[in-house]
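User: I am new to this structure. Please take me through it in short questions and answers.

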Amino acid sequence: MSRIRLLPETVASQVAAGEAVERPGSVVKELVENSIDAGARKIDVMIRRGGVSMVRVIDDGVGMDRDDALLSLERHATSKIRSASDLHAIATLGFRGEALPSIASVARFRLTTREPGAVAGTEVIVNGGKIDVVRDGGEAPGTQVEVRSLFYNLPARRKFLRSENTETRNIEHQVHLQAIGHSRIAFTFVRDDRLVFQLPSTENLLDRLRDL
């Protein structure tokens with residue numbers, strides 16, 4: 001009997017998830033970087049229970065049509081590189097086509113997106129890497145990603161997470177880093193339905209640091 005076998009797609013996706021998703025802070029980092037690359041001028045980050053129960057990132061970026069929304073959940077799909085030569089001139093925060101499908105494979109995942117001027121947007125619901133629902137959505141232009149029950153299908157990974165407060169501090173640190181690096185983008189951070197900070201857009205880094 002052969003000792004070497006191809007992994008089922010679901011298992012392969014969960015293995016790949018370990019490269020992009022170590023903890024809730026990794027989810028926030030990947031999603032916020034996607035929002036920045038999408039040209040967002042405003043990014044809202046909301047979490048519950050240290051991000052394990054829920055992470056939601058909302059932006060007002062370019063959004064996607066239905067075909068792109070579905071393609072974004074395929075492994076190795078990306079809008080940021082076209083050929084090997086592009087790897088020598090990266091101008092975006094992320095270019096791996098792994099973040100969304102990796103996150104979706106280890107959580108209960110909901111993506112809603114709408115292009116400016118589009119009559120309707122698209123909503124995609126994924127559970128453990130399997131697409132359950134694709135339908136029209138009525139959200140504002142931009143993209144909203146909601147991640148619930150992180151690692152619900154990988155209890156061995158979940159037990160290695162730190163305390164709720166530690167995971168929350170890690171997430172807040174990630175948002176701080178992005179806010180400092182992109183002062184022209186307005187950031188809001190909400191923890192367990194409590195507003196932690198709301199940063200207006202500013203041209204001046206010192207103003208952003210003062211606001212933080």
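**Exposure, bridges and patches**

User: At 48% relative accessibility, what does R184 count as?

Analyst: Buried means under 20% relative accessible area, exposed over 50%, and partly exposed in between (1.4 Å probe, protein chains only). R184 stands at 48%, so R184 counts as partly exposed.

User: What kind of model is this?

Analyst: Residues are numbered from 1 along each chain as its sequence is written, and side-chain values use heavy atoms, with hydrogens and water left out. Local features need pLDDT of at least 70, side-chain atom pairs count only at pLDDT 80 or more, and totals for chains, interfaces and linings use all residues, for this is a predicted model.

User: How many helices are in the chain?

Analyst: Helices (H or I, at least four residues) and strands (E, at least two) are DSSP runs, numbered from the N terminus. The strands number eight. Of helices, the chain has seven.

User: Of the 212 residues in the chain, what percentage do buried residues make up?

Analyst: The chain's accessible surface is about 11400 Å², and 52% of that belongs to carbon and sulfur atoms. These areas come from the Shrake-Rupley method with a 1.4 Å probe; for residues, only the protein chains shown count as cover. Among the 212 residues, the buried share is 42%.

User: Among contacts between residues at least 6 apart in sequence, what percentage join residues at least 24 apart?

Analyst: A contact means heavy atoms within 4.5 Å. Take the contacts between residues at least 6 apart: the share joining residues at least 24 apart is 62%.

User: Which side chain meets E203 in a salt bridge?

Analyst: A salt bridge puts a side-chain nitrogen of Lys or Arg within 4 Å of a carboxyl oxygen of Asp or Glu. Here the N to O distance is 3.0 Å, and the partner of E203 is R184. The pair links distant parts of the chain, 19 residues apart: E203 sits in the loop between strand 8 (194-199) and helix 7 (205-211), and R184 in the loop between helix 6 and strand 7 (186-191). E203 is exposed at 63% relative accessibility, and its partner is R184.

User: Which residues do salt bridges that share partners join into one network?

Analyst: The whole structure holds 14 salt bridges. Some share partners, and one network joins R110, E123, R135 and E139.

User: How many residues apart in sequence are the parts that E167 and R23 tie together?

Analyst: The side chains of E167 and R23 form a salt bridge at 3.0 Å, N to O. E167 lies in helix 6 (residues 164-181) and R23 in the loop between helix 1 (9-20) and helix 2 (24-37), so the parts tied together are separated in sequence by 144 residues.

User: With which residue does D44 form a salt bridge?

Analyst: D44 is buried, with 16% relative accessible area. K42 is partly exposed at 37%. The closest N and O atoms are 2.8 Å apart, and the partner of D44 is K42.

User: Which residues form a negative surface patch?

Analyst: Patches use residues with over 30% relative accessible area and no salt bridge; like charges are joined within 9 Å, nonpolar side chains (Val, Leu, Ile, Met, Phe, Trp, Tyr) within 5 Å. One member, D67, is in helix 3 (residues 66-71) and is exposed at 60%. The negative patch consists of D65, D67, D68 and E115.

User: Which helix gives the most to the nonpolar patch?

Analyst: I180, L205, L206, L209 and L212 make a nonpolar surface patch of about 410 Å². L212 is in the segment after helix 7 and is partly exposed at 34%. The top contributor, with three residues, is helix 7.

User: Leaving aside its neighbours within four places in sequence, which residues is A38 in contact with?

Analyst: A38 lies in the loop between helix 2 and strand 1 (42-48). G63 is 25 residues from A38 in sequence, yet 7.4 Å from it in space, C-alpha to C-alpha. Beyond its sequence neighbours within four places, A38 touches G61 and V62.

User: Where is D192 found?

Analyst: D192 is not a glycine, yet its phi is positive, near 50°. D192 is partly exposed, at 34% relative accessible area. Its place is the loop between strand 7 and strand 8.

Notes: Lys and Arg count as positive and Asp and Glu as negative; His and the chain ends are not counted. The place of a charge is taken as NZ of Lys, CZ of Arg, CG of Asp or CD of Glu.
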